[in-house]
Amino acid sequence: MDMLRLEIVTPDNTVLETEADFVSVPGLEGIFGVLPGHIPFLSALATGCLHYTKGGETRYVCLSGGFAEVSGNTVRILADSAEKLEDIDTERAEKAKERAMERLRKAAQEDTINAARAEAALRRAMNRLNTKSAMR
């Protein structure tokens, strides 16, 4: 059976290069799945959790922003940020959540706080925490 080539890169580094039987990706228009032989496809990414299966085992990667490209049997993820489930630091994510919530509280009272950035930071932190707690 054909396999997919899954590549996940961020501006900072290559997060993952592996083969997979199936990949599920959080697109802006909804979650989409990719099997070998999928038609060429391009999608913007939402903040969410990508998962892939390989040999009956499922693995997870938290994504935030970017694009997904399916071409041939390759799924290429160009993400603003990406973190494998096993690399998520729950304590750090909790602190990021608290900082974002504090910035949002301040944004309601001050014009100098960028509420959109604080909301995006909160979504990223919640995504990491929700994924980590769901997979325990």
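Strands (E, at least two residues) and helices (H or I, at least four) are DSSP runs, numbered from the N terminus. The structure described here is a predicted model, in which local features need pLDDT of at least 70 and side-chain atom pairs count only at pLDDT 80 or more, while totals for chains, interfaces and linings use all residues. Residues are numbered from 1 along each chain as its sequence is written, and side-chain values use heavy atoms, with hydrogens and water left out.

The predictor's confidence in each residue is given as pLDDT, from 0 to 100. The protein chain has a mean pLDDT of 87, with 95% of its residues at 70 or more; confidence is highest in β1, at 98, and lowest in helix α2 (residues 115-134), at a mean of 74.

Leaving aside neighbours within four places in sequence, Leu-6 is in contact (heavy atoms within 4.5 Å) with residues including Leu-16, Val-23, Leu-50 and Ile-77.

Thr-74 is found in strand β8. This residue counts as buried, at 17% relative accessibility, where buried means under 20% relative accessible area, exposed over 50%, and partly exposed in between (1.4 Å probe, protein chains only). Not counting residues up to four places away in sequence, Thr-74 touches Arg-5, Glu-7 and Glu-69.

The table gives some of them.

| Salt bridge | N to O distance |
|---|---|
| Arg-76 and Glu-7 | 2.9 Å |
| Glu-69 and Arg-76 | 3.1 Å |
| Arg-92 and Glu-83 | 3.6 Å |

Because Arg-76 lies in strand β8 and Glu-7 in strand β1, their pair ties together parts that are 69 residues apart in sequence. Glu-7 is buried, at 17% relative accessibility, whereas Arg-76 is partly exposed, at 30%, and Glu-69 is likewise partly exposed, at 32%. In the pair of Arg-92 and Glu-83, Arg-92 is partly exposed, with a relative accessible area of 47%, and Glu-83 is buried, at 14%.

How values were computed:
A salt bridge is a side-chain nitrogen of Lys or Arg within 4 Å of a carboxyl oxygen of Asp or Glu.
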